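Reader: I have a model open and would like to go through it with you. Can we start once it is on screen?

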Amino acid sequence: MRIVCIGGGPAGLYFALLMKKQHPEHQISVVERNRAYDTFGWGVVFSDATMQAMRAWDPESAAEIEDAFNHWDDIEVWFKGTRQRTSGHGFVGIGRKKLLNILQRRCETLGVELVFETDVASDLDYPDADLVIASDGFNSKIRNRYAEVFQPDLVTRPNRYIWLGTNKLYDAFTFDFRKTDHGWFQAHIYKFDENTSTFIVETTEEAYEKHQLGQMDQQGSIDFCQTLFSEVLDGAELMTNARHLRGSAWLNFNRLICGKWSHFNGKSHVVLMGDAAHTAHFAIGSGTKLAIDDAIELANQFNKHGHTRDQIPAVLETYEEIRRVDVARIQNAARNAMEWFEVVGQRYADTLPPEQFMYSMLTRSQRISHENLRLRDKAWLEGYERWFAAEAGVEPNAKGKVPPPMFTPYTLRGVTLKNRIVMSPMAMYSATDGLIGDFHLVHLGARALGGAGLIFGEMTCVSPDARITPGCLGLWNDEQAAGWKRFVDFTHSNSTAKVGIQLGHAGRKGATKRAWDGMDQPLEDGGWPLISASALPYLKHSQVPKAMDRADMDRVKADFVRATELAASAGADWLELHCAHGYLLSSFLSPLTNHRTDEYGGSHENRARYPLEVFRAIRAVWPEDKPISVRLSCHDWFEGGNTPEDAAIFSRMFKEAGADMIDCSSGQVWKEEKPVYGRLFQTPFSDKIRNEVGIPTMAVGAISEADHANSVIAAGRADLCAVARPHLADPAWVLHEAARIGLTDIAWPKQYYSGKQQYETNLARAVAAK
Ligand SMILES: Cc1cc2nc3c(=O)[nH]c(=O)nc-3n(C[C@H](O)[C@H](O)[C@H](O)COP(=O)(O)OP(=O)(O)OC[C@H]3O[C@@H](n4cnc5c(N)ncnc54)[C@H](O)[C@@H]3O)c2cc1C
Ligand SMILES: Cc1cc2nc3c(=O)[nH]c(=O)nc-3n(C[C@H](O)[C@H](O)[C@H](O)COP(=O)(O)O)c2cc1C
């Protein structure tokens with residue numbers, strides 16, 4: 001075959017040498033616009049997995065690369081006068097120039113034709129090629145020629161960065177955060193050869209503008225960074241090797257995804273590879289790794305299908321299919337890490353103490369969890385756990401041990417929870433006339449014995465017509481309060497858990513069937529008239545609610561106040577106001593469901609006016625020493641609906657009105673929503689609200705292991721974690737998770753003690769057997 005690689009970066013060179021090595025009869029050229037052995041860039045980072053693959057595919061170049069590698073284990077963070085270091089992170093770095101030179105030499109040895117100083121205008125310049133590799137980097141001309149086919153989707157990220165170098169050698173991957181009058185700057189620094197370290201400086205567009213960095217030439221920017229980072233540079237000079245870039249050389253990262261990776265141009269098959277096909281932010285340093293992995297997979301597919309022209313379409317199809325998955329995974333992790341650095345100034349740097357700031361940074365991609373950190377650096381993690389426990393007022397026990405973050409106590413107003421796990425409210429649709437019956441006593445009681453610090457009952461409706469279904473719990477009369485009191489008394493006398501009641505009004509989602517008879521489906525008989533912010537039915541065939549007038553508002557507010565007084569009389573410890581999931585108060589907050597033109601519709605202030613009025617009214621009658629949290633849908637997951645930005649605005653308003661905590665849920669406001677589910681998928685909303693608004697938060701949603709909860713709490717992404725479905729599967733979820741992470745110093749109900757010992761022993765045996 002005749003193969004032409006346009007662009008001699010890692011992707012083009014590595015693919016060329018792999019193919020030539022396996023089939024010397026292929027005629028392969030790499031055409032590069034730069035001069036031979038000339039390139040720009042500093043060091044790049046590799047992963048162990050990629051290196052292992054390279055060893056298998058071409059031991060000769062792998063050996064040379066490994067010889068030139070710089071390996072380091074430590075991460076060091078400079079922040080507010082502190083220097084913190086952790087180990088066990090395992091990186092390898094190499095100069096980009098060195099890497100390319102090794103690959104170029106290897107190509108020459110194998111007989112690949114290297115053509116330099118040739119700027120290729122088009123793939124059609126090589127009509128005799130069977131296969132053209134578009135390995136011409138992020139600005140790929142070839143990809144742009146066929147933009148309609150390749151469908152590049154580009155997102156320009158808001159931060160600015162400049163890629164510099166220095167001759168100071170750092171023995172750890174070093175991050176230095178510096179505050180200026182106009183915002184924070186951070187440097188990402190790592191050594192990559194005997195003389196040089198990469199030094200990338202990053203900041204927000206706002207700080208970049210205010211410091212007028214765009215108006216400076218490169219030397220001006222270098223001088224600025226030199227002064228700002230003088231402490232970590234310790235007299236060393238910053239250097240650029242991108243003098244060819246015009247202007248200030250501060251760039252924006254562009255995230256690239258392509259809809260399709262290959263095309264037949266009438267003569268040759270053209271395929272994208274490396275940065276021409278996708279990009280991953282330098283925050284996790286995986287661009288070169290992805291380029292190499294692409295090259296390996298394409299060569300692998302030729303081996304599988306056959307090295308002949310007729311197999312090219314099948315080869316390209318499977319190559320794309322396989323690589324897409326891995327690329328999406330890396331891009332996801334890179335996105336989280338990148339976003340952390342984009343918001344670090346506004347969200348973390350001014351709020352988190354240095355210890356927690358470091359933990360948050362280490363777990364920024366959300367691929368590294370608490371237990372993962374323990375594997376990397378046990379001593380550091382245990383030190384962090386001791387710090388976290390001390391902040392929560394916990395002294396080490398006689399053996400010097402402290403509980404992990406999720407098992408530290410938490411106090412709001414006069415209520416102290418024994419740990420950070422909350423059983424999230426879950427409707428059971430099993431009440432008659434709104435009364436807590438035997439089912440609830442057993443269901444909630446079992447969970448109260450199961451270890452969570454706070455047990456929420458389900459959404460409890462403030463009047464008969466506030467119910468979602470005829471099976472929902474209510475709190476509008478003394479009999480219902482007595483039912484609650486029975487459960488509260490049981491819990492207080494048989495466990496150390498606290499009890500929360502979530503008060504709500506179903507609004508336009510009311511008068512529906514029990515979940516198992518048809519979720520959200522209107523009742524055929526026995527329905528009641530509905531009210532909402534606006535007269536919009538939830539489903540097309542749902543009842544059309546009445547848009548509330550002032551008299552309705554007064555009545556419902558009075559219902560909430562009465563329910564609050566009844567909850568107080570039942571002795572509940574915690575109250576939550578349900579302003580989420582499209583129910584009545586949520587219907588005011590979302591522009592999708594609130595079309596009002598009076599003072600209760602339109603602006604954020606107007607949309608929040610009634611929910612805040614209800615909140616203030618219940619706060620006034622709820623005991624001063626007990627907290628009230630507010631549950632919000634922090635994302636409507638639908639165009640035109642609320643976003644986390646809006647949720648932060650509402651959270652600030654509730655905070656000012658005296659709310660103690662925001663319970664950060666999302667969705668269920670609009671039937672056509674398009675949520676993006678996944679592990680911890682709503683935690684970013686909690687993180688944003690807690691650290692930008694400065695109010696305690698509860699995270700909820702797909703938190704299903706102790707490791708998740710510990711990571712969230714330790715990083716300060718939430719103060720509490722609410723766990724719902726896992727509690728349906730296992731009433732003693734908390735006790736079982738404690739055992740799973742080896743925490744035996746935890747109280748089980750005294751009646752269950754022999755079960756505890758057996759459970760822990762069996763788990764320990766299973767771990768040992770592995
Ligand atoms: C600030 C920063 C830091 C980074 N840090 C890391 C890191 O730590 N680790 C990491 O793995 N990656 C890192 N990267 C990413 C890495 O540089 C790329 O992802 C990687 O080089 C991609 O390889 P490639 O072969 O696809 O493209 P490139 O390396 O961009 O190579 C493309 C080649 O094509 C040539 N070319 C372009 N157009 C033409 C044309 N028309 N004719 C002929 N030749 C052409 C170019 O001159 C270039 O040599 C970083 C990137 C940036 C911007
Ligand atoms: C059966 C069931 C009933 C629920 N009822 C309520 C409710 O009454 N009030 C509420 O705010 N959320 C309710 N939710 C949502 C949960 O509280 C929680 O936010 C959601 O299930 C995500 O958490 P998870 O991933 O731990 O299950 C319910 C969830 C389930 C599964």
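Author: What follows is a short exchange about a barrel, its helices and a ligand. This is a predicted model.

Reader: Which strands make up the barrel, and in what order?

Author: The order is S20-S21-S22-S25-S26-S27-S28-S29, a closed barrel of 8 strands with parallel pairing. From one strand to the next, the twist averages 25°.

Reader: How many bridges join S20 to S29?

Author: Strand S20, residues 421-423, and strand S29, residues 720-723, run parallel and are joined by 3 bridges. Val 422 has Ala 722 in S29 as its bridge partner, and Met 423 is partnered by Val 723.

Reader: And what about S28 and S29?

Author: S28 pairs with S29 over 3 bridges, also in the parallel sense. There, Val 700 stands opposite Ala 722.

Reader: Right-handed or left-handed?

Author: The unit is right-handed.

Reader: Back to S29. Are its faces covered or open?

Author: Both faces are covered. Leu 720 and Ala 722 lie on one side, Cys 721 and Val 723 on the other, and all are buried. As a general point, side chains in a regular strand alternate between the two faces of the sheet.

Reader: Where does H22 lie?

Author: Helix H22, residues 683-693, lies across strand S27 (661-665) and strand S28 (697-700). H22 runs at about 170° to S28.

Reader: Changing topic: which residues come nearest to ligand 2?

Author: Of the 16 residues around ligand 2, the nearest are Ser 424, Pro 425, Ala 427, Ala 702 and Arg 725.

Reader: Which backbone atoms lie by an oxygen atom of ligand 2?

Author: A backbone N or O atom of Met 459 lies 3.1 Å from a ligand 2 oxygen atom. For Ala 724, a backbone N or O atom lies 2.8 Å from an oxygen atom of ligand 2.

Reader: Which residue has a polar side-chain atom there?

Author: Gln 502, with a polar side-chain atom 2.8 Å from an oxygen atom of ligand 2.

How values were computed:
Residues are numbered from 1 along each chain as its sequence is written. Chains are lettered from A and ligands numbered from 1 in the order in which they are written. This is a predicted model: local features need pLDDT of at least 70, side-chain atom pairs count only at pLDDT 80 or more; totals for chains, interfaces and linings use all residues. Side-chain values use heavy atoms; hydrogens and water are left out. Two strands pair if DSSP finds at least two bridges between them. Helices (H or I, at least four residues) and strands (E, at least two) are DSSP runs, numbered from the N terminus. Axes are lines fitted to C-alpha atoms, for helices over the stretch in contact, and angles run from 0 to 180 degrees between N-to-C directions. Contact means heavy atoms within 4.5 Å. Buried means under 20% relative accessible area, exposed over 50%, partly exposed in between (1.4 Å probe, protein chains only). A crossover is right-handed if, with the strands pointing away from the viewer, the path from the first strand over the helix to the second runs clockwise. A residue is near a molecule or strand if one of its heavy atoms lies within 4 Å of it. A polar contact is a pair of N or O atoms within 3.5 Å; within protein, one must be able to donate a hydrogen and the other to accept it, and residues adjacent in sequence count only if both atoms are side-chain atoms.
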